[in-house]
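Here is a friendly note to keep beside you as you look at this model for the first time. Please have the viewer open while you read.

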Amino acid sequence: MTINPRLYPLLTTIGIFIVGYFLCYLQFPNILSTRVVGNLLTDNAYLGIVAVGMTIVILSGGIDLSVGSVIAFSGVFIAVMLRDTDLPAPLIIVMLLVITSAFGAAMGWLIHALAMPAFIVTLAGMFLARGAAYMLTIDSIAITDPFFAAIQNAYWLMPGRGRLTLIGVLMVVVVLAGALLAHRTRFGASVFALGGGEQTARLMGVNVGRTTVLIYAFSGLMAGLSGVVFSVYTGSGYPLATVGTELTAIAAVVIGGTILTGGAGYVIGTLFGVLTMGLIQTYLVFDGSLSSWWTKIVIGMLLLLFILLQKGLLRLTAFGAARA
Amino acid sequence: MRRSLQRITPQLLTLAALVALVTLFFPNFISISYDGTRFVGPIVDVLKRSAPVALLAVGMTLVIATRGIDLSVGTVMAIAGAVAAYAITSGFGLPATLALALLAGLAAGLWNGCLVALIGIQPIVATLILMTAGRGIAQLITEGRILTFSNNDFAFIGSGTVYGIPFPTILWLATAILVAALMRRTALGLLIEATGINRAASALAGVNATVILIAVYMASGFCAALAGIVATADIRGADANNAGLWLELDAILAVVIGGNSLLGGRFSIAGAMIGALIIQTINTGIVLAGFPSEYNLVIKAGLVLVILVMQSPNLSADWFYLKTLISEQRTARAERKEAS
């Protein structure tokens with residue numbers, strides 16, 4: 001049986017996650033309980049959702065630094081709107097998603113129209129979204145809406161008293177939807193083509209401008225959705241929240257086996273990237289004696305490992321192609 | 001000289017306009033007085049507080065000129081600060097302390113440089129590794145605490161004055177002038193630009209691009225270590241969590257505001273320094289002018305957008321077209337005048 005070499009990074013990610021989980025299990029058997037599994041999904045729900053958007057952006061060869069700020073803005077926007085207006089919560093959520101999608105689309109348009117690197121355009125977007133959040137409020141505002149309370153308490157009791165929360169399920173659904181979008185639609189094919197090279201994509205007949213706008217709009221939508229989930233998770237809106245989440249999301253995407261130059265990767269891998277990072281944190285909590293800074297060092301090492309692995313694979317496949 | 005001055009004219013104008021704007025709201029902004037030991041005034045404050053970003057921007061300019069980016073500088077600041085605080089509290093002398101901190105910065109730069117130049121990892125990702133892991137390393141050194149010290153000689157670097165001028169100001173000015181002279185009075189600057197424009201071509205032309213790249217990242221690490229020393233000496237303590245946090249973005253912004261393209265090639269250290277001053281003037285000016293500091297980020301974003309539009313390769317073609325059109329009309333008019 002031959003396996004497509006493109007699958008190696010994905011299989012490695014899943015393998016590392018399973019082996020890591022098994023090692024943790026040997027030391028702390030309770031880590032396999034449904035409670036821990038449920039919490040792993042719930043705690044990382046917002047990161048997983050935003051990482052799906054980031055995966056699409058990175059697959060296209062771009063980068064989106066604004067998502068952490070957009071999440072913070074979303075939380076603040078929801079909290080302020082709920083406090084100051086009588087609008088129903090679902091309507092506010094829809095408004096928010098429209099705003100963040102439009103924000104992403106505007107950045108995509110700028111990237112395309114100005115032919116500037118996505119890095120610096122989304123850096124400006126990062127400042128703008130964070131600044132907009134500050135302008136709405138500088139305090140942490142609690143969300144006391146019954147609709148949000150209902151989502152917060154929506155969970156399905158798994159055997160073993162583990163809680164599979166609605167936001168945890170939402171993350172899995174979003175990942176699956178993202179995978180379908182990336183691997184089974186025309187838009188997804190355009191994204192991969194763009195990641196392979198703008199010139200070739202244009203020659204293939206991809207509408208580069210429209211695709212770029214849609215990619216960043218999708219990332220904005222995911223960031224908005226992630227913001228909703230984060231505000232449900234924390235029950236508040238705070239403009240200083242989720243600073244640096246964009247870099248955590250990028251790290252999750254890379255650990256998930258997506259190549260940062262774009263054009264190759266799997267959305268499912270990102271889920272395992274997020275879960276692997278969550279597992280490290282869970283292990284540290286279980287252990288109790290290790291300090292939190294080890295999380296950062298281990299994540300850095302994992303990043304390096306995956307990048308080296310991808311480099312090696314690329315060289316290997318290039319070698320194989322040259323020989324064939 | 002005139003040409004390089006011409007190149008940074010837009011930045012100088014922006015800075016002047018900003019200073020004028022702040023003065024409009026806060027008339028005392030440009031006043032400087034001498035209180036017997038040191039100069040005091042908002043301008044002096046701006047010059048002092050811009051030290052970390054300006055120092056980072058010196059190294060960042062070189063990295064960006066090679067078409068790279070160094071996201072790890074803020075973290076390297078924290079590492080260098082942690083090393084310095086650790087060394088000074090465990091009884092090393094000041095020279096040894098500084099040497100150790102600078103060595104830490106150089107080592108961090110060497111690591112980044114090797115990942116980029118030898119293994120060929122994209123600069124954003126290569127430096128992202130150290131950015132994530134580095135803060136953990138800094139916390140490992142300080143053991144998660146804020147290491148404080150009371151060595152006056154070391155604190156002088158952060159808050160001392162020479163002839164009434166804050167020492168950090170002198171340090172960043174000297175660093176910028178030294179590096180700029182090194183780049184422009186030798187062929188180094190040219191080699192860096194060549195590497196940034198086309199690494200493969202410059203390697204074929206005989207430039208040792210690998211060594212240049214590693215050296216550039218080491219220079220960035222060194223500058224970051226200097227900035228970390230200043231920040232640590234200023235607060236007399238090393239805070240592994242917050243030292244230099246997100247300063248890499250400010251440094252990149254300063255370089256871009258300074259008219260340097262993220263696509264590599266031509267660079268101007270003077271421009272980046274003015275960029276750093278612009279950022280600090282905004283930060284200080286917003287507070288002094290009585291605006292809530294919440295507006296800071298939105299104004300920054302607007303500024304970046306304006307600069308992006310000015311630098312856009314798509315629009316610059318249009319500008320060029322307009323310019324030639326106008327000059328053609330002018331010559332045609334002049335010719336007509338001569339004919340009549």
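1. **Ground rules.** This is a predicted model, in which local features need pLDDT of at least 70, side-chain atom pairs count only at pLDDT 80 or more, and totals for chains, interfaces and linings use all residues. Residues are numbered from 1 along each chain as its sequence is written, while chains are lettered from A and ligands numbered from 1 in the order in which they are written.

2. **Confidence.** The model scores ipTM 0.78 and pTM 0.85. Within chain B, helix H1 (residues 2-7) has the lowest confidence, a mean of 71, and H4(B) the highest, at 95.

3. **Chain A as a whole.** Chain A has 14 helices and 4 strands; these are DSSP runs numbered from the N terminus, with helices being H or I of at least four residues and strands E of at least two. Its C-alpha atoms fill a box of roughly 65 × 55 × 35 Å along the principal axes. The radius of gyration of chain A is 20 Å, which agrees with the value near 20 Å for a compact globule of 324 residues. That radius is taken over C-alpha atoms, and the globule rule is 2.2 Å times the number of residues to the power 0.38.

4. **Two domains in chain B.** The assignment gives domain 1 (41-293) and domain 2 (297-340), with bounds from an automatic or database domain assignment. Their C-alpha centres lie 35 Å apart. The contact takes 6 residues from domain 1 of chain B and 5 residues from domain 2 of chain B; residues are in contact if their C-beta atoms, placed from the backbone, lie within 7 Å.

5. **The domain 1 side.** Which elements give two or more residues to the side of domain 1 of chain B that touches domain 2 of chain B? They are helix H13 (247-257) and helix H14 (269-288) of chain B, and H13(B) gives the most, with 3 residues.

6. **H13(B) against H4(B).** The axes of helix H4 (residues 51-65) of chain B and H13(B) come within 8 Å and cross at roughly 65°. Axes here are lines fitted to C-alpha atoms, for helices over the stretch in contact, and angles run from 0 to 180 degrees between N-to-C directions. Residues making the contact include B:Leu56 and B:Met60 of H4(B), and B:Ala251 and B:Val255 of H13(B).

How values were computed:
Contact = placed C-beta atoms within 7 Å. pLDDT = per-residue confidence, 0-100.
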